[in-house]
Amino acid sequence: MPTLSLDGYADEDQWIWESFRYHSRTFSLAAYLLPRSVQMSVATLYLFCRRVDSIADQRVLEVGRKNALDEVHAVRDRLDATLDGHPPDESVLWRRLAKVHAHASLPPGPLYELIEGATWDLEARPITTAQDLIDYSNLVGGSVGAMMLPFLAPEDRHETLEPAARRLGIAMQITNIVRDVGEDIEDLDRVYLPEEWLDAHTVSPEALRNARVVPEYPTLLERAMETAERYYRKSFDGISALPLRSRYGIRAAARMYREILNEVRANDYDNLRRRAYVPLRRKLWLLVHDAYQRRKGRLSAAA
């Protein structure tokens, strides 16, 4: 795994790490368990991902879809220049991403996949089938797992570990989708649950827009959560194969993120009016004890 020295960049370090913590309480907490030598590189990559996501999820509300697409295309151009060693001078993020790339030779494919995922959103492509859900989640989540590999495992193991890394990213993205159904439809008029699932469970987009938890809605959410859980399980062998120094941080991130699904259950499946979050105390407990299945059983029995 590459070790990047960034001596002399204390102010930039502080900005990157504080921004990382602000945008992701869960992943930044787990990142403390990664080797110190890679923490800033991981934070920099996360902020690149956040920069792309924010165009599709926030800037679009300010400037409209067409202008947001133009901004995504501009990000692609800046990424081209950055990977070529000529980052835009005005941005700490691009300068630091260029340094990370120069040292670690980031695989460019996953970075561009993330941009394609933002384009999917801004072009309003529908999520019609379960496979659409997986394909979209791979673009915006699986790509993140793949782009982080240079900081988690030796280069000669990347090809073997990439499928598991992508599965974990897919699982986390589906977890995001389950958590954010209400916010996505209220703020962006987007529904990421597949249309074929909505039809099968007689849940209409209108019910979601009106924040009505109709009788079949918990069953629909369980279908999505079971899909996420399947991808979490498929990722665990890969996590176990990571070097010890990386394994605990990624395992912690997976456990803490997966627990969001139980928080949705604890909220009586009302993710239309309530945002599920995992309290810090439970996150810390999950670092030492994986109680997910036991809690899921209790919550499901009480439903």
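Q: Is E229 buried or exposed?
A: A residue is called buried under 20% relative accessible area, exposed over 50%, and partly exposed in between (1.4 Å probe, protein chains only). E229 has a relative accessible area of 3%, so E229 is buried. Please note that this is a predicted model, in which local features need pLDDT of at least 70 and side-chain atom pairs count only at pLDDT 80 or more, while totals for chains, interfaces and linings use all residues. Residues are numbered from 1 along each chain as its sequence is written, and side-chain values use heavy atoms, with hydrogens and water left out.

Q: Where is E229 placed, and which residues does E229 contact beyond its neighbours within four places in sequence?
A: Helices (H or I, at least four residues) and strands (E, at least two) are DSSP runs, numbered from the N terminus. E229 belongs to helix α12, residues 217-240. Contact means heavy atoms within 4.5 Å. With neighbours within four places in sequence set aside, E229 is in contact with L261, R265, Y292 and K296.

Q: What are the surroundings of N262?
A: N262 is part of helix α13. Its relative accessibility is 0%, so N262 counts as buried. Apart from neighbours within four places in sequence, N262 is in contact with Y292, R295, K296 and L299.

Q: How many helices and strands does the protein chain have?
A: The protein chain comes to 15 helices and 0 strands. Its radius of gyration is 19 Å, close to the 19 Å given by the globule rule for 303 residues, so the chain is as compact as a globular protein of that length. The radius is taken over C-alpha atoms, and the rule is 2.2 Å times the number of residues to the power 0.38. The C-alpha trace spans about 55 × 45 × 35 Å along its principal axes.

Q: How many aromatic pairs does the structure hold?
A: Rings of Phe, Tyr and Trp (its six-membered ring) pair if their centres lie within 6.5 Å; planes under 30 degrees apart count as stacked, over 60 as edge-to-face and the rest as tilted. The structure holds 8 aromatic pairs. One of them joins F20 and F27, edge-to-face, at 5.9 Å centre to centre with 90° between the planes. F27 and Y46 form a tilted pair, with 6.1 Å centre to centre and 50° between the planes. F27 lies in helix α2 and Y46 in helix α3 (residues 36-63), so this pair ties together parts that are 19 residues apart in sequence. Ring pairs link W17, F20, F27, Y32 and Y46 into a cluster.

Q: Are F27 and Y46 buried or exposed?
A: F27 counts as buried because its relative accessibility is 17%. Y46 is also buried, with a relative accessible area of 17%.

Q: What does S28 touch?
A: S28 lies in helix α2, residues 25-31. Residues up to four places away in sequence are not counted here; S28 touches W17, F20 and R21. W17 and F20 are members of the ring cluster. S28 counts as buried, at 2% relative accessibility.

Q: Where is S41, and how far is S41 from K99?
A: S41 lies in helix α3 and is buried, with a relative accessible area of 3%. S41 and K99 are 58 residues apart in sequence, and their C-alpha atoms are 9.1 Å apart in space.

Q: What is the phi value of D189, and what is that of D268?
A: Phi of D189 is near 55°, a positive value in a residue other than glycine. D189 is found in the loop between α9 (181-188) and α10 (195-200) and counts as partly exposed at 48% relative accessibility. D268, likewise not a glycine, has a positive phi of about 55°. D268 is found in the loop between α13 (244-266) and α14 (280-288), and its relative accessibility of 58% makes it count as exposed.
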